[in-house]
Amino acid sequence: MRPISRFVVERDGVEQASVVLGRAEIFEREPLEYAVARLSWADGGLGDARAVVAAAVGSAPPGIPVYLPVSAAVSADHAARRDVALACGFELFQEKEGFRWADTGQALPEPAGLRLEPMSRIGPEAFVSVLGRCVAQTLDRTDALVFGRQQPRQWATTFLNHHASAADAQSWLYAETTGGAPVGFVGLAQREGDPEVGTIVLIGVLPEQRGHRYVDRLLTAAYRAARARGFVAVRSLVDVDNHPMMAAMRRSGADPDADPWHGWLFTSARDA
Ligand SMILES: CC(C)(COP(=O)(O)OP(=O)(O)OC[C@H]1O[C@@H](n2cnc3c(N)ncnc32)[C@H](O)[C@@H]1OP(=O)(O)O)[C@@H](O)C(=O)NCCC(=O)NCCS
């Protein structure tokens, strides 16, 4: 988040609560969106916490959504933070589960019936149209919102520019059947600030290929790519409403309870 202003409640010169209003990075391709973050308050100061959040929301331009993220991985008091959000008129926009797949040396068979090509060999162009068609009916609420505002090609190109860096191009995999029919893709990247851990940035199966568990083979392909890159684990976030993806993650052996990784994103739009 890029900070704009900080809001503070002070009593007798002592800070009781503070929060920052900034531009939301989660929607960095949508520069009009705002977020409140870095909320902190003194023991028992829930009223002060609500006051700084309300002041921050009130300072944003009217009619433009303000987002408030809460992360269980960052804040042990995430339940209290969610209560503050709801008390300040926010609504839950998205809830995400964090999965952790650990490389324990388990068998990772080469995915049968699929031909996989890394972006480092075939370039990004083949991914652009496949990404656009896969994400058109995504159940991920953030992707659906951002995608719905843009042209599919523009969205896919911008997304790949942001999330498929040179080093990661070897683990963005395009998939087709052995007969040459396009199936989908999976993008595995190094987790920012964590050289030993990967993350599945995006995965998709084309609408006409769905329901054949291709997603399982794409996940195996991603884990094989993670092992080839020397990652010890793959941590990925999935929208809890994306039932096919939640089920596929579980089938792949990724654990939703391995760590307290869980996120909530609240939204609040003031009347214009
Ligand atoms: C999530 C996704 C990758 C699953 O791929 P998949 O290979 O079709 O997965 P499955 O074969 O396990 O099918 C999952 C469910 O899709 C449904 N399905 C079956 N046929 C389908 C079809 N023709 N079209 C749409 N959905 C279908 C079924 O309900 C199936 O569940 P069930 O067989 O367990 O009852 C795919 O739906 C997709 O690309 N979605 C859009 C992008 C997305 O959400 N990506 C994940 C977030 S990054």
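First, some ground rules. This is a predicted model, where local features need pLDDT of at least 70, side-chain atom pairs count only at pLDDT 80 or more, and totals for chains, interfaces and linings use all residues. Residues are numbered from 1 along each chain as its sequence is written, and side-chain values use heavy atoms, with hydrogens and water left out.

**Aromatic rings**

A pair of aromatic rings is described by the distance of the centres and the angle of the planes. Rings of Phe, Tyr and Trp (its six-membered ring) pair if their centres lie within 6.5 Å; planes under 30 degrees apart are stacked, over 60 edge-to-face, and the rest tilted. By that rule, the structure holds seven aromatic pairs. Here are two of them, which share Trp-172:

| Pair | Centre to centre | Angle between planes | Type |
|---|---|---|---|
| Phe-127 and Trp-172 | 6.3 Å | 75° | edge-to-face |
| Trp-172 and Phe-185 | 6.2 Å | 5° | stacked |

Where do Phe-127 and Trp-172 lie? Phe-127 is in helix α4 (residues 125-135) and Trp-172 in strand β7 (residues 172-177), so this pair ties together parts that are 45 residues apart in sequence. (Helices, H or I with at least four residues, and strands, E with at least two, are DSSP runs numbered from the N terminus.) The other pair also links distant parts of the chain, since Phe-185 sits in strand β8 (residues 182-191), 13 residues from Trp-172.

**Charges over rings**

A charge sits over a ring if NZ of Lys or CZ of Arg is within 6 Å of the ring centre and within 35 degrees of the ring normal. Arg-82 does this over the face of Trp-264, 3.9 Å from the ring centre. Arg-235 has its charged end over the ring of Trp-261, at 4.2 Å from the centre.

**Loops**

Asp-12 isn't a glycine, but its phi is positive, near 50°. You'll find Asp-12 in the loop between β1 (2-11) and β2 (14-23), and it is exposed, with a relative accessible area of 79%. Arg-213 also has a positive phi, about 60°, without being a glycine; its loop runs between β9 (194-205) and α7 (214-228).

**Two helices that cross**

How do α7 and helix α8 (residues 243-251) cross? Their axes come within 10 Å and cross at roughly 55°. Axes here are lines fitted to C-alpha atoms, for helices over the stretch in contact, and angles run from 0 to 180 degrees between N-to-C directions. Angles under 35 degrees count as roughly parallel, over 145 as roughly antiparallel, 65 to 115 as roughly perpendicular and the rest as oblique, and α7 and α8 are therefore oblique to each other. Contact means heavy atoms within 4.5 Å. Residues of α7 that meet α8 include Val-215 and Tyr-223, and those on the α8 side include Met-245 and Arg-251.

Key: Buried means under 20% relative accessible area, exposed over 50%, partly exposed in between (1.4 Å probe, protein chains only).
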